[in-house]
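Here are some notes for a colleague who is opening this structure for the first time. Please read them with the model in view.

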Amino acid sequence: MMKARQADTVIVGAGHGGAQAAIALRKEGYAGTVLLIGSERQLPYDRPPLSKEYLAREKPFERIVMRPEQFWADKEVELLLGAAVTKVDAQERRLTLDDGGTVCFGKLIWAAGGNPRRLTCEGADLQGVHSIRNKADIDAVMAQLDAGARKVVVIGGGYIGLEAAAVLRKLGCEVTVIEALDRVLARVAGEDLSRFFEEEHRRQGVDLRLGAKVDRIQGSGTRVTRVKLADGEVVACDLVIAGIGIVPSAQVLADAGVRAPNGVAVDEYCRTSLPNVYAIGDLALHANSFADGAMIRLESVQNANDRANTVAKDLCGNPAAYTATPWFWSNQYDLKLQTVGLSIGHDQTVLRGDPATRSFSVIYLKAGQVRALDCVNAMKDYVQGRKLVEARAEIAPETLADKETPLKQMAQN
């Protein structure tokens, strides 16, 4: 019979949240044993560069690894890589692994993230249809590019899809982006930003199809060769990337009895409805003050890291509620988009600067209050606008639009 592993704190998920939780525990002075379980065999690594520098071959994998192996040994964090948790027994404080082994825990931090949302249309399982979530996904795309693939269809006009499209164009591929809605980034940004990025991608040679739905994916034998749209048009391709979001990896905890309506519901200290069990990262469903208390999930490195720090403080007897200001970024071509705050429910937008200069900001207001900024190549606006978001400042739209007046000056008034 296989002997059970055990640790005072077990972390499931070796992405940003899980890795940072282990680091933060030691930084806070946690003296107990720590076990970090990851489903991939690689050391914890940065995820954002996957669809950017790694895919573009500007950074080898070694340069996106978070910490060398010796670091984890020095911090006395045990790594269990290439293992997946299939069952949680919260009452017995025991995990079951996919190889049949068990792990006993005192406290459990669930940082398993999410899996790519899969296409459900006919042909979605053909060779050459890829997701972008982990190293294996990108390695498979690069292998196909190395084998001569040059015609790419990207399904989904969100950040992941657009970032992939930008890199693939840079690599010389013919790229078609299929977006079901009438604009890109429709779920996360206002129309000004959407139209700017649409124009930019088209200028860069991307064939962007809006309001277009995929009917089926077709192939020759087992390999993809074309995508058929709902209007009957056929787009030839030899590689398809599906960038249509993620499904939170919450089912194992849900089976254990945790409240998991869309992710894993947590309180302000990242505690779940089960005793001794925390959840952080992309799957943490929480009441967010920047969304007027609505229950939301935030898929960002910032959220993963800050929630990891919150849990570490709680486990070390220094509880501090999660109140972090949300922020995000996206790199496409030579454009750096930085977002602070949440534009959910905004009722007005202010355009600050001229998109034609490729340096501007979109400011989102709700009931007259500044709630979020999208800043394109506008670092000062991003940095200075943060205080306006945190203060929910009420500033006249015409003042916000005045590019000659620094936002920090408005914050002082």
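This is a predicted model: local features need pLDDT of at least 70, side-chain atom pairs count only at pLDDT 80 or more; totals for chains, interfaces and linings use all residues.

1. Residues are numbered from 1 along each chain as its sequence is written, and side-chain values use heavy atoms, with hydrogens and water left out.

2. Helix H1 (residues 16-27) and helix H7 (residues 301-315) have axes that come within 8 Å and cross at roughly 35°, and the crossing of H1 past H7 is right-handed. Helices here are DSSP runs (H or I, at least four residues), as are strands (E, at least two), numbered from the N terminus.

3. On the H1 side the contact (heavy atoms within 4.5 Å) involves His16, Gly17, Gln20, Ala21, Ala24 and Leu25, while H7 contributes Val301, Ala304, Asn305, Ala308, Asn309, Ala312 and Leu315. Sorted by class, the contact of H1 with H7 holds eight nonpolar, five polar and no charged residues.

4. Asparagine 276, in the loop between strand E17 (264-265) and strand E18 (277-279), has a positive phi near 70° although the residue is not glycine. Asparagine 276 is buried (under 20% relative accessible area, with a 1.4 Å probe and protein chains only), at 19%.

5. Asparagine 377 sits in the loop between strand E25 (369-376) and helix H8 (379-391), and its phi, near 50°, is likewise positive in a residue other than glycine. For context, most residues other than glycine have a negative phi.

Methods: Axes are lines fitted to C-alpha atoms, for helices over the stretch in contact, and angles run from 0 to 180 degrees between N-to-C directions. A crossing is left-handed if the near helix is turned anticlockwise from the far one by less than a right angle, and right-handed if clockwise. Ala, Val, Leu, Ile, Met, Phe, Trp, Tyr, Cys and Pro count as nonpolar, Asp, Glu, Lys and Arg as charged, and the others, Gly among them, as polar. Buried means under 20% relative accessible area, exposed over 50%, partly exposed in between (1.4 Å probe, protein chains only).
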